[in-house]
Amino acid sequence: MYKIRTYNTIAVEGLDQFPRAQYEVGSEIAQPDGILLRSATLHDLTFPTGLKAIARAGAGVNNVPVERCTESGIVVFNSPGANANAVKELVMAGLLLSSRGIYAGLSYTAGLSEVTAEDMGPLLEAEKKHFKGQELMGKTLGVVGLGAIGSSVANMALGMGMKVIGYDPAISIDAAWRLPNQVQKAENLQQLLSRSDYISLHVPAIEATKNLINSTSLASIKDGAKLLNFARESIVNTADALVALNTGKLSAYVTDFPSPELINRPDVIALPHLGASTREAEDNCAIMGARQLIEFIEHGNIRNSVNFPNCELERTTAYRICFANQNVPKVLSQVLNLLAEENINVVEMLNKSRDNIAYNILDIDSEPSAEVLAAIAGTEQVFHLRSI
Ligand SMILES: NC(=O)C1=CN([C@@H]2O[C@H](COP(=O)(O)OP(=O)(O)OC[C@H]3O[C@@H](n4cnc5c(N)ncnc54)[C@H](O)[C@@H]3O)[C@@H](O)[C@H]2O)C=CC1
Ligand SMILES: O=C(O)CCC(=O)C(=O)O
């Protein structure tokens, strides 16, 4: 019986992927083979013995100690693109909320319950001047990070008649293909900031993006620009953003990651991390995460990992060995020799590497003995071995 520990509320559609005859799934499981989670932080987790993989039902893995997982041979997955549409739609709402008097107007009308039907019309017509906004059409949106969400946001904005400028120094080939050619390329962040009426952030929370938006970068923005942060709190220096709001340099800050000093300001739209909170996105992420765990646990296949090479081999025999090693010469040949000494034939194999990790899937024609498995596990540079 395999065991999956869940953190956070995971969509039932994802949990239903685990056949209950083979899997026990729950939030109280102590010695799991796999973990399926959303935003819960695992940084203080002591890895339970036997933990093989962690699947983040979502995009950002800043809540997972990825480096420590790699050192312990634990594969970490995310679900790329699975919630991109949900975030894009909320960015669209953020653009509109920061441009039109929607929130202030709603608050105003909510206080009119005592006004008579006769007085209502004239009153609204007299007061609406307080809630005038601006249109998005013709304005420039700067998109920082052109991955799954950023490229989708860029497309949406073009569809709304905006001009779009994008910045992503590490854009993937797939993401570049997804981008319409109307998206102008910024040579650097400063150029993007200086040309944008709206700036939307879609980068991961990593060391390189910490405080990406700070007093120095904010100095480059157009007076009165609006900033949208649906990425992570750490990407914007809140104190510096507040100064920019107070001086009018920024006219609005829309954030999915508010801190206390941002609450109850008319120029801040603060949401409780709602970017991916749609039924569709939660289903997509949970299903993707669950399937990735099942593939890995049952077959050693790796799809959408953030720390191991992706490596998938259709199963050709009843016996499969999967192992990871430091990406140096001769390790694979040593393992093949150990198998050959036991007269075990390799029917199919796949070897993939990523940075300093190599991962191997070997379909073999007979069951490996405990001795040969121990010899492989003891091979220098091998740090993860399973016989499935
Ligand atoms: N508010 C919410 O509920 C959600 C927030 N997110 C956040 O959005 C982030 C992005 O998500 P995806 O687009 O799905 O990820 P992605 O991996 O598809 O795209 C991220 C892009 O950022 C680029 N990038 C990295 N460093 C950069 C830098 N310094 N400057 C400019 N670009 C840089 C990468 O090259 C990549 O193209 C996630 O890491 C997560 O933190 C994601 C989903 C939901
Ligand atoms: O699970 C969630 O609601 C958060 C999603 C998110 O932030 C992400 O996918 O990076």
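Of the 388 residues in the chain, 39% are buried. The model is predicted, and the values that follow are computed from it. The chain contains 13 helices and 16 strands. Its C-alpha trace extends over about 90 × 45 × 35 Å along the principal axes.

The surroundings of ligand 2 draw on several stretches of the sequence. Arg38 and Ser39 belong to this shell, as do Gly58, Ala59 and Gly60. Asn83 is also part of the shell, and Gly275, Ala276 and Ser277 complete the list. By residue class, the shell around ligand 2 has six polar members, two nonpolar and one charged.

Elsewhere in the chain, Thr316 sits in the loop that links helix H11 (279-299) to strand S13 (319-326). Is Thr316 buried or exposed? Thr316 counts as exposed because it has 12 C-beta neighbours inside 10 Å, and a residue with 12 or fewer falls in that class.

Leaving aside residues up to four places away in sequence, Thr316 touches Val347, Glu348 and Asp363. For one of these, Asp363, the separation from Thr316 is 47 residues in sequence, and the C-alpha to C-alpha distance is 6.4 Å.

Definitions and conventions
Residues are numbered from 1 along each chain as its sequence is written. Chains are lettered from A and ligands numbered from 1 in the order in which they are written. This is a predicted model: local features need pLDDT of at least 70, side-chain atom pairs count only at pLDDT 80 or more; totals for chains, interfaces and linings use all residues. A residue is near a molecule or strand if its C-beta atom, placed from the backbone, lies within 6 Å of it. Ala, Val, Leu, Ile, Met, Phe, Trp, Tyr, Cys and Pro count as nonpolar, Asp, Glu, Lys and Arg as charged, and the others, Gly among them, as polar. Helices (H or I, at least four residues) and strands (E, at least two) are DSSP runs, numbered from the N terminus. A residue is buried if 20 or more other C-beta atoms lie within 10 Å of its own, exposed if 12 or fewer, and partly exposed in between; C-beta atoms are placed from the backbone. Two residues are in contact if their C-beta atoms, placed from the backbone, lie within 7 Å.
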